[in-house]
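Here are some friendly notes to read alongside the structure.

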Amino acid sequence: MHISPELIDLKQIKPTFGCLKDKVVVVTGSTQGLGAAIARQVACSGAAGVVICGRQQDCGKAVADDIQNEFNVKTCFQRTDLRQVEDCQNLVATSCKTFGRIDALVNAAGLSTRGSIENTSPELFDELISVNLRAPFFTIQAAVLAMQKQNSAGSIVNIISISSYGGQSYLAPYVAAKAGLIALTRNVAYSQRWRQIRCNALNIGWTETPNEHKVQLAMGKSENWLEQVQQSLPAKSLLQPHQIAKATTFLLSNDSAAITGSIIDWDQQPVGCWD
């Protein structure tokens, strides 16, 4: 099975910034969309191994095989339900068992099911918190403990959202989870600084992915919603997965060795400004 290149322009995926030579990297949510783009960027930037994870086994194995065949980088796929703490812990264990170590972790998985303060059920709230906050917490915990056992430096990057500043009214539980992940990023960075285990985050804005197209159609937008929206943006384009993937690779690499606890806004609209 070959993965369709629809999610990104594959020509954009090439080594950039620093090198991840000999590093083993775990990327959550990497069976599709942004996570898959990050996994590919990591692979072609010198990584020794990449762990792909997600709930879709066929798709996950296909992404892992694609990356291994194209970039000659060893990969493995671990079927993971991030709603289960044990699965989060097993993800890091798989990296250590398969590659003998873990050097970097990217928490790219996310769930953005709509829910306002008026209509969010306890079940929806729990699901969004479990995927967007609890899962990163326990995956980071497992990664940090493994890095400490290895007595090695490490790098963690959390993919958050510009909505963490307050966001849209229909994203109340999502916003709560992402805001919590910002605080967790800083806390981990501070607690692990003397062990040279770094933790940073990209606070990304509206990004073009296949799933976003499905979301917009479900909200009643027309098939050409993207063309209409892009004309109203300063860059005349939504963020692209390959752009975020390159920034993530930089934060994972030794080129950013002096950076930790940083929350980098990655959006076209400066927060707090208006006319």
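Predicted model: local features only at pLDDT ≥ 70, side-chain atom pairs only at ≥ 80, totals over all residues.

1. You will meet both values in the next points.

2. Start with helix H4 (residues 122-150) and helix H5 (residues 172-191). Their axes come within 8 Å and cross at roughly 15 degrees. Angles under 35 degrees count as roughly parallel, and H4 and H5 are therefore roughly parallel to each other. The crossing of these two helices is right-handed. From H4, the contact is made by Phe125, Leu128, Ile129, Asn132, Leu133, Pro136, Phe137, Ile140 and Val144. H5 brings Pro173, Tyr174, Ala177, Lys178, Gly180, Leu181, Leu184 and Val188 to this contact. Sorted by class, the contact of H4 with H5 has 14 nonpolar, 2 polar and 1 charged residues.

3. H4 also packs with helix H3 (residues 85-99), at an angle of about 30 degrees and with the axes 8 Å apart. H3 passes H4 in a right-handed crossing. On the H3 side, look for Val85, Cys88, Gln89, Leu91, Val92 and Cys96. They meet Arg134, Ala135, Phe138, Thr139, Gln141, Ala142, Ala143, Ala146 and Gln150 in H4. The residues of this contact divide into 10 nonpolar, 4 polar and 1 charged.

4. Now turn to helix H1 (residues 33-43) and helix H8 (residues 241-252), which pack at an angle of about 50 degrees with their axes 8 Å apart. That angle makes H1 oblique to H8. H1 passes H8 in a right-handed crossing. H1 takes part through Leu34, Ala37, Ile38, Gln41 and Val42. The H8 residues in the contact are Pro241, His242, Ile244, Ala245, Lys246, Thr248, Thr249 and Leu252. By class, the contact of H1 with H8 has 8 nonpolar, 4 polar and 1 charged residues.

5. How many cavities of 30 Å³ or more does the structure hold? There is 1, and the largest cavity has a volume of about 40 Å³. Its lining is made by Thr28, Leu82, Asn107, Ala109, Val131, Ala135, Pro136 and Thr139. Helix H4 gives the most to this lining, with 4 residues. The lining of the largest cavity has 5 nonpolar residues, 3 polar and no charged.

6. The lining of the second largest pocket divides into 3 nonpolar, 5 polar and 4 charged residues.

7. Finally, find Ile263 in strand E7 (residues 263-266). Which residues does Ile263 touch, not counting residues up to four places away in sequence? They are Ile182, Thr185, Arg186, Ala201 and Asn203. Ile263 and Cys199 are 64 residues apart along the chain, and their C-alpha atoms are separated by 9.5 Å.

Methods: Residues numbered from 1 in each chain as written. Heavy atoms only, no water. Axes fitted to C-alpha atoms, helices over the stretch in contact; angles between N-to-C directions. Parallel < 35°, antiparallel > 145°, perpendicular 65-115°, else oblique. Left-handed = near helix turned anticlockwise from the far one by under 90°. Contact = heavy atoms within 4.5 Å. Nonpolar A, V, L, I, M, F, W, Y, C, P; charged D, E, K, R; others polar. 1 Å grid on protein atoms, 1.4 Å probe; cavity = no way out; pocket = protein on both sides within 12 Å on 5 of 7 lines; lining within 4 Å. Points joined across faces, edges and corners; volume = space filled by probe spheres on them.
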